[in-house]
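Here's a quick tour of a two-chain model, written for someone who likes to check things in a viewer. Have the sequence and coordinates open as you read.

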Amino acid sequence: MRLKLIFPIVALVLLAGTVSVNGQCKSFAKKVGIPELGAYIHDGNYHAAVLVEGEEAELYKTFYSDMKYRVAIVGEENLSNVEFTVYDATKNVIYTNKNSNYAKSWDFELQSSQQLKLVVKVPEHSKSGETPASGCVSIMFGFKLKK
Amino acid sequence: MNRKSGISSGLLVILLSTTLLFNGCKSCSTKEQVDDLSIEVPKDNPALVNDINRAKQIFMALPSPLESAMLIKSTGAKFDPELLNSLENADNYATSKSMALNLGVYTCDLSFTSLYEQTQLIIDYMNAAKKMAEGLGILRAIEQSTIDRLEQNINNTEVIMEIVSETFMNSNSDLVDNGQPAIAAMVLVGGWFEGLYIATRLVDMKDFNGNKLVGRIIDQKLSIDILLNLLADNKGNPAIDELTVQVQKLKSIFDKISLTTSPVRPEYVETTNTTYLKSEVKSNLTPAVFQELATTVAEIRSTFVK
């Protein structure tokens, strides 16, 4: 009987927490993610999620030859050095921010339109027995027309 | 562990996974690493544990309405208000599906009117998008203060684009926050189709070969699988399943277009701090296949805006 009562309560608490986390992530993306786009126009798409240390996220998107792009990938302060790697359709690595001191953004242009894959990873830093850190990571795209 | 308690812990894991799934990511498939949380994982179910550990969050990103509008304008295409969805139609949409699709459609039309500096239409289309958002219960996505800010900056294209971008992001993130990822996906689908519809209608068949706009339409072949994956994330929803059938029909036409791209050769230029992705592309779209594509896009779009 108690179990029957406990589960709906746990569910409500978790869902309430989720709404709060979602709001936090959106706010983080707006306040920290979008400003990283600088003079680029934010495309209006929203990609943000809570990631735990060691966890990865993937994003697939087509980029067009007429545009200049900036991708800004930013994690909350407690997540140090969010890694991101960009692959072309043949799975070749075309960029990784590990070679650029974990830069938060990357500017690029394309000779021809391409579908690219971005893999974002929060590296593990916690020691054994510690609670792994988790926090919002936002992936934002900005564009400008080529002149 | 007896069967009942096994089910209970399994339920808790599923509940936790489901809860974390709605963690602010739009158009994505999501599962979390339960090993990293201080919740007991059902060790007697290694398949489930393995599945959860292997899973990752996947985002399917379609070009936004603003990006689609910018791409079309960049080809030198002229503005034609007749191609936009009628503002009067806004009163016809009563279902979640029609309101979601037309939130995308009207946002795309709003993006066109913004880029072509059609001042009165900008306000009108923002109001139409607001009506759709309100119908979907996302009242904060486009508030009256947004319309007021738009009016105050009606001659400032840069600020207008910022506002359009912000309202589109608000709409989608609010839908996901409300636990409506299928509706959020439909908004994206509506916006993508409207951009493709306008683009196909603006092509001058007398100037088909080498037409830059035709090139941008061919590029949409690169997004059709992304679109199908986005829908697949929400399969089982009747409205999504209907859309999937329509998109598959469109894909069968895109499949007739050959598009091959060489591997990308990145070249970093320090002076501009920009990486140039060099590659060659070969494509072939015949006028006949283009007409078939344009007709199908128009047919599908007509089911959205009717």
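Predicted model: local features only at pLDDT ≥ 70, side-chain atom pairs only at ≥ 80, totals over all residues.

Chain A averages a pLDDT of 86, with 84% of its residues at 70 or more. The stretch to treat with care is residues 10-19 of chain A, where the pLDDT is below 50; beyond near neighbours in sequence, that stretch makes 10 contacts in the model.

**The two chains**

Chain B has 12 helices and six strands.

| Chain | Residues | Buried | Contacts joining residues at least 24 apart |
|---|---|---|---|
| Chain A | 147 residues | 47% | 81% |
| Chain B | 306 residues | 45% | 71% |

**A loop residue in chain A**

Between α1 (2-33) and β1 (41-42) of chain A there's a loop, and Leu37(A) sits in it. Is Leu37(A) buried or exposed? Leu37(A) counts as buried, because it has 20 C-beta neighbours inside 10 Å, and 20 is the cut-off for that label. Leaving out residues up to four places away in sequence, Leu37(A) touches His42(A), Arg70(A), Ala72(A), Met140(A) and Gly142(A).

**The nonpolar core**

The largest nonpolar core has 123 residues, and Val137(A) and Ala129(B) have the most contacts inside it. Its largest share, 14 residues, comes from helix α8 (residues 181-202) of chain B. In soluble globular proteins, nonpolar side chains tend to be buried together. As for Ala129(B), its partners, not counting residues up to four places away in sequence, are Leu103(B), Tyr106(B), Thr107(B), Leu110(B), Ile142(B) and Thr167(B).

Back to α8(B): this helix has 22 residues and spans 32 Å from first C-alpha to last, close to the 32 Å expected at 1.5 Å a residue. Because 20 of its 22 residues are buried, α8(B) is largely enclosed by the rest of the structure.

**A covered helix, α3(B)**

Helix α3 (residues 65-74) of chain B is mostly covered too, with eight of its 10 residues buried. Those are Pro65(B), Leu66(B), Glu67(B), Ser68(B), Ala69(B), Met70(B), Leu71(B) and Ile72(B). What covers them? The cover includes β9 (134-145) of chain A, along with α4 (96-115), α7 (157-177), α8 and α9 (212-219) of chain B. After α3(B) comes Gly76(B), with a positive phi near 90°.

**A helix pair in chain B**

Two packed helices are described by the angle between their axes and the distance between the axes. For helix α11 (residues 238-254) and helix α12 (residues 287-305) of chain B, the axes come within 9 Å and cross at roughly 170°. An angle over 145 degrees counts as roughly antiparallel, and α11(B) and α12(B) therefore run roughly antiparallel to each other. On the α11(B) side, the residues that meet the partner helix are Gln246(B), Lys249(B), Leu250(B) and Ile253(B). On the α12(B) side, they are Val289(B), Glu292(B), Leu293(B), Thr296(B), Val297(B) and Ile300(B).

Methods
Residues numbered from 1 in each chain as written. Chains lettered and ligands numbered in written order. Buried ≥ 20, exposed ≤ 12 C-beta atoms within 10 Å, placed from the backbone. Contact = placed C-beta atoms within 7 Å. Helix = DSSP H or I, 4+ residues; strand = E, 2+ residues; numbered from the N terminus. Core = buried A, V, L, I, M, F, W, Y, C linked by C-beta atoms within 7 Å. Expected span 1.5 Å × (residues − 1). pLDDT = per-residue confidence, 0-100. Axes fitted to C-alpha atoms, helices over the stretch in contact; angles between N-to-C directions. Parallel < 35°, antiparallel > 145°, perpendicular 65-115°, else oblique.
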